Amino acid sequence: MAIRTFLEAIRDTLGEEMRRDPSIIVLGEDVGVKGGVFLVTDGLHAEFGETRVIDTPLTESMIVGTSIGAAANGLRPVAEIQFADFIFPAFNQIVSEAARMRYRSNNAFGCPITIRAPYGGGVHGALYHSQSVEAFFTHVPGLKVIVPSTPYDAKGLLRSAIRDDDPVLFFEHKKMYRSVRGDVPDGEYTVPIGRAAVTRVGTRVTVVAYGLMAHYALEAAERVAEEGISVEVVDLRTLRPLDRETLLGSVRKTGKCLVVYEDNRFGGYGAEIAAIVAEEAFDYLDGPVMRVAGPDVPGVPYNHVLEDWFMVNPEKIAEGIRTLAAY
Amino acid sequence: MTATEHLGAAVGLGDDQLLAMYRMVALARAIDERMWILNRAGRVPFVISGQGHEGAQVGIVSALRPGLDWMVPYYRSIAAVLTFGMSPREIMLAQYAKASDPSSGGRQMPGHYGGAAYNILSSSSPVATQILHAAGIALAAQIRGTGQVAITFMGEGSSNQGDVHEGLNFAAIHHLPMILVVENNGYAISVPSVKELALPDVAARAAGYGIPGVIVDGADVLGAYRVAREAVERARTGGGPTLIEAKVTRLTPHSSDDQQTKYRTAEELAAERARDPLPRFREQLATAGILTPEIEGRLATEIAGLVDDATSYAESQPDPDPASATWYVYAEDRPATGGGAG
């Protein structure tokens with residue numbers, strides 16, 4: 001057992017998997033000698049060489065499109081999109097091609113690729129280095145979408161993603177890269193895709209979150225615990241396929257559900273969670289399904305006052321919990 | 001030296017190979033014409049055609065090694081996929097969208113060819129996405145040292161998509177074993193090439209990537225074979241990608257849902273008939289004494305039989321089971337449900 005940062009856990013996993021399986025390649029912008037703008041791939045180029053760690057031109061569509069082709073011909077690419085905000089040039093390749101390859105070919109071809117991308121705000125990244133883009137992709141059958149929140153989960157889930165036979169989007173909150181640390185076992189382990197985790201047991205309100213918000217939800221739960229509100233926190237970890245059992249099991253127990261996400265509120269991923277809870281746990285609900293989410297402006301503004309205004313934080317979540325608990 | 005020896009020697013092909021290529025052009029045309037008849041008879045809802053493109057496709061694909069190399073086709077690639085190994089039955093199974101259609105099990109519109117047994121990657125409808133898939137296949141071939149070449153096809157209308165630029169740039173940087181064939185028929189559905197391209201030749205863009213850009217008359221089957229053979233040799237020996245632009249004619253409307261007389265004059269359509277590769281290749285081989293009337297008669301009979309067989313076979317096959325419509329969104333353990341039809 002060792003204490004690793006979120007970033008180190010991801011980097012360790014890439015190296016270990018590349019050592020295990022020579023068909024794995026890493027490609028993206030600045031992933032080579034520099035080791036990525038966040039240094040997630042640092043050291044891979046030195047160990048595995050430029051054949052397996054490929055510095056690409058600034059061409060996100062190409063990064064994903066060539067990954068699809070390389071996967072068809074026997075490789076297992078792990079692509080990095082430098083910032084999730086820059087994934088949209090590759091949207092067509094991800095949504096029209098990677099997601100649909102298996103279905104449209106009636107299982108003749110699969111698409112075993114992993115697309116890693118740092119996402120999220122709170123790091124002075126402004127409109128184009130702060131976005132949460134998961135909802136665009138969780139909408140699409142054929143894709144798997146993972147948003148881990150701990151070094152343990154990041155490692156176990158990235159390993160599962162790389163070994164998965166379908167396209168996986170793996171979103172890493174950049175604010176967590178160095179600020180979040182945790183125990184990571186020495187041996188090889190996986191965390192299964194599609195399993196949520198109850199990270200705090202409680203009785204009165206279920207808070208559903210993922211990524212950085214899973215941490216903030218725990219902080220908020222701690223605050224309101226002092227006020228006598230017992231909160232259960234469900235860290236989804238995988239957004240698609242969704243672990244309905246854990247989600248609904250918790251809500252059926254507490255009777256109240258608060259969904260937290262950093263993305264814009266309207267049409268965000270949490271809206272689907274709210275819909276599922278409303279449809280499938282209605283008889284258990286003792287209050288409306290509520291949301292704490294980012295405001296509906298086109299991006300996270302740069303100035304720190306404005307950025308603080310945008311970001312969901314533990315106090316905003318705590319306020320949401322209080323409101324729902326009092327309902 | 002006889003005329004026969006001269007024609008074959010010029011491209012390094014024997015008479016049998018020349019006849020096989022002619023047979024493939026004629027077979028593709030015959031299947032294509034049957035598809036239109038079936039559509040107009042209300043038997044199949046949609047046709048997208050390769051008529052006018054077959055000479056370039058057969059000539060170019062004949063330079064590849066089926067079973068080793070990879071193809072990422074587009075919706076006019078009927079002659080290309082036939083030359084690469086797909087059978088008339090398999091083409092018709094796709095046309096009828098039957099359960100055993102190897103391209104998609106009846107899930108995609110006809111013309112979206114694919115087949116794992118032939119190294120033909122499944123294709124979609126957004127144009128030019130496949131260029132990047134071919135680059136990726138070529139990248140994997142290079143990394144794995146397989147000696148494979150990846151060839152992909154598109155129209156000149158697709159050539160303006162950003163994926164073309166991104167793919168050619170990457171393929172050129174890494175000297176990938178890839179060939180991009182642009183079948184320039186002068187129209188992107190209804191828009192003439194003068195409104196698509198500021199220059200007449202897509203091949204001129206190859207210079208911007210530092211790769212060869214070669215233009216060939218798409219009605220010249222042997223000319224197409226010759227440039228493709230050079231491109232394949234270059235790709236296989238580490239020389240990198242080639243852009244081949246075949247100047248072809250589109251003898252049909254864009255698809256069965258298009259009426260091209262709205263934007264092409266009768267005079268133009270009549271003149272385009274002169275660019276049909278089928279009669280030209282036939283005459284070329286006949287003049288050389290390779291395609292005798294006896295051989296031509298035998299081929300015509302064989303092809304008519306193949307088309308009839310493929311049609312009746314496909315029509316008799318079962319539709320997909322609605323219960324299977326949820327299958328294969330993701331990988332799953334399930335017994336194979338069909339596949340090739342020989």
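Tutor: Over all chains, the structure holds 39 salt bridges. A salt bridge here is a Lys or Arg side-chain nitrogen within 4 Å of a carboxyl oxygen of Asp or Glu. Side chains of opposite charge can pair when their charged atoms come close. The model is predicted, so local features need pLDDT of at least 70 and side-chain atom pairs count only at pLDDT 80 or more, while totals for chains, interfaces and linings use all residues. Residues are numbered from 1 along each chain as its sequence is written, chains are lettered from A and ligands numbered from 1 in the order in which they are written, and side-chain values use heavy atoms, with hydrogens and water left out.

Start with R159(A). Its salt-bridge partner is E17(A), with the closest N and O atoms 3.1 Å apart. R159(A) lies in helix 7 of chain A and E17(A) in helix 1 (residues 6-20) of chain A, so the pair ties together parts that are 142 residues apart in sequence. Helices (H or I, at least four residues) and strands (E, at least two) are DSSP runs, numbered from the N terminus. R159(A) is buried at 0% relative accessible area. E17(A) is also buried, at 0%. The cut-offs are under 20% relative accessible area for buried, over 50% for exposed, and partly exposed in between (1.4 Å probe, protein chains only). The pair belongs to a network of salt bridges that links E16(A), E17(A), R20(A), K155(A), R159(A), R163(A) and E188(A).

Eleven of the 13 residues are buried, so helix 7 of chain A is largely enclosed by the rest of the structure. Among the buried ones are P151(A), D153(A), K155(A), L157(A), R159(A) and I162(A).

Two other pairs are worth a stop. R4(A) forms a salt bridge with D12(A), N to O distance 2.9 Å at the closest. R4(A) is partly exposed, with a relative accessible area of 24%. In chain B, R280(B) and D217(B) meet at 2.7 Å, N to O. R280(B) lies in helix 10 (residues 277-287) of chain B and D217(B) in strand 6 (residues 213-217) of chain B, so this pair ties together parts 63 residues apart in sequence. R280(B) is partly exposed at 37%. D217(B) is partly exposed at 33%.

Now the contact between the chains. Salt bridges between chain B and chain A: zero. The rule does find 20 residue pairs in polar contact across this interface, both residues at pLDDT 80 or more. A polar contact is a pair of N or O atoms within 3.5 Å; within protein, one must be able to donate a hydrogen and the other to accept it, and residues adjacent in sequence count only if both atoms are side-chain atoms. On the side of chain B that touches chain A, the elements giving two or more residues are helix 6 (129-144) and helix 7 (162-173) of chain B. Helix 6 of chain B gives the most, with eleven residues. By class, that side has 21 nonpolar, 15 polar and four charged residues. Nonpolar covers Ala, Val, Leu, Ile, Met, Phe, Trp, Tyr, Cys and Pro; charged covers Asp, Glu, Lys and Arg; the others, Gly among them, are polar. Chain B and chain A bury about 3200 Å² between them, 64% of it on carbon and sulfur atoms. Buried area is the accessible area (1.4 Å probe) that two parts lose on being put together, summed over both. The contact (heavy atoms within 4.5 Å) takes 40 residues from chain B and 38 residues from chain A.

Finally, some backbone details in chain A. The peptide bond from R240(A) to P241(A) is cis, omega near 0 degrees. P241(A) sits in the loop between strand 12 (238-240) and helix 10 (244-254) of chain A. N106(A) is not a glycine, yet its phi is positive, about 55 degrees. N106(A) lies in the loop between helix 5 (101-104) and strand 5 (114-119) of chain A, and is buried at 18%. N107(A), in the loop between helix 5 and strand 5 of chain A, has a positive phi of about 80 degrees and is not a glycine. N107(A) is partly exposed at 27%.
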